Amino acid sequence: MVNKTRVSLPPDERKEEIINSAWHLFYEKGYSNVTIKDVIKDLHIVKGTFYYHFKNKEEVKKIIVNRQIKTELRSLEKIFNNPNYSTLEKLSNMIMEIIDVYKDTEKIHNVYTRNPELFQDILIKRMESLEKIMEKLLNEGIEEKVFNPSYYDEALEFLVVSLSITLPIIHYTINLWPERKAVLKLNVFTYNAEHMLGAKRGSFDNIKSQYWHIVKDTSIGTIKT
């Protein structure tokens with residue numbers, strides 16, 4: 001048997017190595033099927049090294065989820081703070097940014113099917129994180145008279161849920177539907193968005209067209225006919 005010599009790394013680098021190894025194993029085997037022993041074996045480190053940096057596997061998962069959400073949030077904040085965008089352009093670009101996370105359908109499928117715990121945590125954290133920026137977007141739209149919601153709290157929740165869950169799921173499954181059904185689903189979303197936000201009829205047509213153009217021009221857009 002060949003003994004592999006452990007390389008001594010600075011604490012921060014070792015911690016990062018453990019996180020990366022755990023994420024790779026979660027992706028390949030599923031969070032519930034990975035043990036701390038698997039991570040230790042993968043890196044050829046001792047048990048004490050893992051526990052020096054982390055209390056348990058749950059703590060590693062939280063770091064992975066938080067990093068994912070922070071990356072998304074930075075991109076959304078950059079869009080919101082762009083003075084050259086109107087409110088609707090900001091919303092459109094935010095939608096495309098969230099959807100871009102789902103462009104690698106095979107990877108996303110593996111996260112869904114192998115890591116329901118990880119996926120659930122990402123959705124919850126995403127909704128929590130999106131509330132503040134969606135509130136600012138909604139208020140800006142009201143000030144610009146682009147939005148005039150009858151029910152403010154419900155309109156805000158609609159934005160949060162749509163960007164966190166509804167649109168990603170529609171995008172993830174869009175290639176499973178006949179084109180007529182896929183278009184219908186987008187029409188339902190845009191109609192509900194205009195109704196909930198109190199926007200003029202047709203305000204979201206450009207967003208729908210932009211999204212449909214992306215779908216038709218990418219591999220995910222292999223729409224049934």
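Author: Gladly. One definition to begin with: helices here are DSSP runs of H or I with at least four residues, numbered from the N terminus. Keep in mind too that this is a predicted model. Just after helix α1, G30 takes a positive phi of about 95°.

Reader: What makes up the secondary structure of the chain?

Author: The chain has 10 helices and zero strands. Along the sequence the pattern reads α-α-α-α-α-α-α-α-α-α. Of the 225 residues in the chain, 41% are buried.

Reader: How do you know that the span of helix α1 agrees with its number of residues?

Author: Helix α1 covers residues 11-29, which is 19 residues. The expected span is 1.5 Å times one less than the number of residues. That gives 27 Å for α1, and its end C-alpha atoms are 27 Å apart, so the two agree.

Reader: Which residues of α1 are buried?

Author: They are R14, I18, I19, S21, A22, L25, F26 and Y27. The cut-off for that word is a relative accessible area under 20%.

Reader: How many aromatic pairs does a search of the whole structure find?

Author: Five aromatic pairs turn up. One of them joins F26 and Y31, with 4.9 Å from centre to centre and 70° between the planes. 

Reader: Why is the pair of F26 and Y31 called edge-to-face?

Author: Rings pair if their centres lie within 6.5 Å, and planes over 60 degrees apart count as edge-to-face. The F26 and Y31 centres are 4.9 Å apart and their planes make 70°, so the pair is edge-to-face. F26 and Y31 are both buried.

Reader: And what makes the pair of F158 and F189 stacked?

Author: Here the cut-off is planes under 30 degrees apart. The F158 and F189 planes are at 15°, with ring centres 6.1 Å apart, so this pair is stacked. F158 lies in helix α8 (residues 152-173) and F189 in helix α9 (residues 179-197), so the pair ties together parts that are 31 residues apart in sequence. F158 and F189 are both buried. Elsewhere, ring pairs link F50, Y51 and F54 into a cluster.

Reader: Which charged ends sit over the ring of Y31?

Author: The charged end of K57 does, 4.1 Å from the ring centre, and so does that of K61, 4.7 Å from the centre. The distance cut-off is within 6 Å of the ring centre, and the charge must also be within 35 degrees of the ring normal.

Reader: Why are α8 and α9 called roughly antiparallel?

Author: Angles over 145 degrees count as roughly antiparallel. α8 and α9 pack at about 165°, with their axes 10 Å apart. These two helices are therefore roughly antiparallel to each other. α8 passes α9 in a left-handed crossing.

Reader: What makes α4 roughly parallel to α7?

Author: The axes of helix α4 (residues 57-80) and α7 come within 9 Å and cross at roughly 25°. Angles under 35 degrees count as roughly parallel, so that is the word for α4 and α7. The crossing of α4 past α7 is right-handed.

Reader: How do you know whether I124 is buried, exposed or partly exposed?

Author: Buried means under 20% relative accessible area, exposed over 50%, and partly exposed in between. I124 has 40%, so it is partly exposed. I124 is found in helix α7 (residues 116-143). Between I124 and I165 there are 9.6 Å from C-alpha to C-alpha, although they are 41 residues apart along the chain.

Reader: Why does S8 count as exposed?

Author: S8 has a relative accessibility of 70%, and the cut-off is over 50%, so S8 counts as exposed. S8 is in the segment before α1. S8 and I45 are 37 residues apart in sequence, and their C-alpha atoms are 9.9 Å apart.

Reader: What is there to notice about the phi of H44 and K145?

Author: Most residues other than glycine have a negative phi. H44 is not a glycine, yet its phi is positive, about 60°. H44 is in the loop between α2 (36-43) and α3 (47-53), and at 38% relative accessible area it is partly exposed. K145, also not a glycine, has a positive phi of about 65°. K145 is in the loop between α7 and α8, and with 72% relative accessibility it counts as exposed.

Conventions. Residues are numbered from 1 along each chain as its sequence is written. This is a predicted model: local features need pLDDT of at least 70, side-chain atom pairs count only at pLDDT 80 or more; totals for chains, interfaces and linings use all residues. Side-chain values use heavy atoms; hydrogens and water are left out. Buried means under 20% relative accessible area, exposed over 50%, partly exposed in between (1.4 Å probe, protein chains only). Rings of Phe, Tyr and Trp (its six-membered ring) pair if their centres lie within 6.5 Å; planes under 30 degrees apart count as stacked, over 60 as edge-to-face and the rest as tilted. Axes are lines fitted to C-alpha atoms, for helices over the stretch in contact, and angles run from 0 to 180 degrees between N-to-C directions. Angles under 35 degrees count as roughly parallel, over 145 as roughly antiparallel, 65 to 115 as roughly perpendicular and the rest as oblique. A crossing is left-handed if the near helix is turned anticlockwise from the far one by less than a right angle, and right-handed if clockwise.
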